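Subject: Structure handover

Hello,

Here is the structure I said I would pass on. My notes on it follow below.

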Amino acid sequence: MFRTRLGRRTALGQAKGLEHRFLKVARERLAKGSGVILAVSGGVDSAVLLHLFTKWRRLLGVELAVAHIHHGETSSRQKKYRDRARDFVRRLASTSGVQW
C-alpha cells in the first residue's frame with residue numbers, strides 16, 4: 001500500500017491520477033495494433049511503466065516486449081549489481097507475461 005505524509009487516501013488518489021494520465025497519453029500516441037518495446041532498467045520508474053502497460057495493454061490494443069541493456073562489467077561489484085538488475089527485469093517480464 002502507498003504511504004505518504006499526507007495519508008493513505010491522498011497516495012491512492014495520486015496513483016489513480018497517474019493511471020488516468022498514462023491512459024490519456026497512451027491513447028493519444030499509440031495506434032491499436034502497435035508494438036511497444038519498453039526499455040526497463042529495473043528501477044522503480046521503469047517497473048511502474050511496465051506495470052501500467054501490462055495492466056492496460058488489452059484496452060490499448062498493443063503488443064509488448066521488454067528490452068534491458070546490461071552494460072558489461074568494469075568491476076566485480078558492478079557486475080553483480082548489473083546481473084541482479086538483469087535478472088530482476090527478466091522475472092518482471094516473465095511474471096507479467098511480456099516477451100523478454
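A polar contact here is a pair of N or O atoms within 3.5 Å; within protein, one must be able to donate a hydrogen and the other to accept it, and residues adjacent in sequence count only if both atoms are side-chain atoms. One such case is S34, whose side chain reaches the backbone oxygen of A31 at 2.5 Å. S34 lies in the loop between α1 and β1. Leaving out residues up to four places away in sequence, S34 touches G61, V62 and E63 (contact: heavy atoms within 4.5 Å).

On the sources: this is a predicted model, where local features need pLDDT of at least 70 and side-chain atom pairs count only at pLDDT 80 or more, while totals for chains, interfaces and linings use all residues. Residues are numbered from 1 along each chain as its sequence is written, and side-chain values use heavy atoms, with hydrogens and water left out.

The protein has three helices and two strands, in the order α-β-α-β-α from the N terminus. Helices (H or I, at least four residues) and strands (E, at least two) are DSSP runs, numbered from the N terminus.

Of the 100 residues, 29% are buried (under 20% relative accessible area, with a 1.4 Å probe and protein chains only).

Regards

Technical notes. Buried < 20%, exposed > 50% of the residue type's maximum accessible area, 1.4 Å probe, protein only.
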